[in-house]
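Biologist: Hi, could we go through this one together? I'd like to start with the overall picture and then look at a few residues.
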Amino acid sequence: PFGPDLDDVLKLEPALAWRRRELERIAAELGPSIGVVTLSAFPLLGVPGCTAPAAEPSPDGEVSKSLLCPDEATSPHPRYQTFTANYRKRKGCKVGAFIPREGVRDEERLNPQRIAELPFELAR
């Protein structure tokens with residue numbers, strides 16, 4: 001919904017504030033036991049122990065087949081799991097989303113050579 005101009009970027013904070021107010025209004029209507037939590041990022045997503053209870057990635061599993069992130073760290077909703085599995089079947093590959101993380105030693109960081117060694121094909 002936002003463009004590349006500075007004016008568009010300046011609309012972001014008011015849009016997020018409006019969204020927060022709407023969520024708080026809806027939560028208040030649902031009752032006092034409902035709270036709103038805002039997360040701007042998932043800093044531990046894909047890091048060992050990122051789920052509670054702890055779960056390991058399952059490259060041979062049925063849903064994402066991720067080498068890095070356990071299925072339990074993503075949505076448990078059957079619709080999402082079906083979407084992920086169907087994406088792999090339709091594209092013939094897994095989703096390739098590699099985000100560099102700061103603080104990772106060079107020998108552990110994914111580089112083009114390491115990515116080429118991973119046991120799946122990326123969609124082109």
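Predicted model: local features only at pLDDT ≥ 70, side-chain atom pairs only at ≥ 80, totals over all residues.

Biologist: Thanks. Which elements does the protein chain have, in order from the N terminus?
Modeller: They run α-α-α-α, and the count comes to 4 helices and 0 strands.

Biologist: And how much of the protein chain is buried?
Modeller: Buried residues make up 17% of its 124 residues. The chain exposes about 10400 Å², with carbon and sulfur atoms supplying 58% of that.

Biologist: Switching to the surface: which residues form a nonpolar patch there?
Modeller: Leu6, Val9 and Leu10 do, and together they have about 320 Å² of accessible area.

Biologist: Where does Leu6 sit, and why is Leu6 called exposed?
Modeller: Leu6 is in helix α1, which covers residues 6-10. Leu6 counts as exposed because its relative accessible area is 60%, and the cut-off is over 50%.

Biologist: Now Asp71. Is that one buried or exposed?
Modeller: Asp71 is buried, because its relative accessible area is 14%, and buried means under 20%. Asp71 lies in the loop between α2 (12-30) and α3 (78-91).

Biologist: What does the side chain of Asp71 make a polar contact with?
Modeller: The partner is the side chain of Ser64, at 2.5 Å.

Biologist: Which residues does Asp71 touch, leaving aside those up to four places away in sequence?
Modeller: Ser58, Val63, Ser64 and Lys65.

How values were computed
Residues numbered from 1 in each chain as written. Heavy atoms only, no water. Patch = residues over 30% accessible without salt bridge, like charges linked within 9 Å, V, L, I, M, F, W, Y side chains within 5 Å. Areas by Shrake-Rupley, 256 points an atom, 1.4 Å probe, with all protein chains shown as cover. Salt bridge = Lys/Arg side-chain N within 4 Å of Asp/Glu carboxyl O. Helix = DSSP H or I, 4+ residues; strand = E, 2+ residues; numbered from the N terminus. Buried < 20%, exposed > 50% of the residue type's maximum accessible area, 1.4 Å probe, protein only. Polar contact = N/O pair within 3.5 Å; in protein donor to acceptor, adjacent residues only side chain to side chain. Contact = heavy atoms within 4.5 Å.
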